[in-house]
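Me: I've got a model open here and I'd like to go through it with you. Can we take it step by step?

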Amino acid sequence: MLGALRRPFFSLRRYTAPTRFVDEFFKFQNQKPGEPVKTGRYWNVRDLRTKSFDDLHKLWFILLKERNALYTEQAHVEKGKDMVSKERFSKVRKSMASIKVVLGERFRLKEAEAELAKTNTPKQREKALDKINELRRIMGIEPYDETKALNN
């Protein structure tokens, strides 16, 4: 009876992807220095603006793992040899910078909207709305409409 209670209802092994732990940082050992590595382009700001926060969060950690793998590769390369792919460093760096830009834009927009909620005078309100609309224009979002905001 007690043995049946201790047994899990379902096994997590069936539902989780296998992890490779440290092996993920040694991808480069199967590649030769003269062999080209196929890589895509970096994530630019325009692409990332459409992504949700969760997607950006996942992408950030994927890029972080890739950056760490590249540092591991760099540490294991002998002094006279070149790395397998140096351009991957810049792609990872640019992608991570793009994520920071997108999150910064979203943060500034939230601050501007909070500032709009605190305004007392029409002049302050107009200034806050201009700031919001400028940020929304940069981000590619339609301008702020007070009538829609009041109806929600």
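Me: How many helices and strands are there in the protein chain?
Reply: Bear in mind that this is a predicted model, where local features need pLDDT of at least 70, side-chain atom pairs count only at pLDDT 80 or more, and totals for chains, interfaces and linings use all residues. Residues are numbered from 1 along each chain as its sequence is written, and side-chain values use heavy atoms, with hydrogens and water left out. Helices (H or I, at least four residues) and strands (E, at least two) are DSSP runs, numbered from the N terminus. Along the sequence the pattern reads α-α-α-α-α-α, and the count is 6 helices and 0 strands.

Me: Which residues of helix 3 are buried?
Reply: Helix 3 covers residues 53-76, and what covers its buried residues includes helix 2 (45-48) and helix 4 (87-118). Buried means under 20% relative accessible area, exposed over 50% and partly exposed in between (1.4 Å probe, protein chains only). By that cut-off, the buried ones in helix 3 are L56, L59, L63, E66, A69, L70, T72 and E73.

Definitions and conventions: Expected span 1.5 Å × (residues − 1). Contact = heavy atoms within 4.5 Å.
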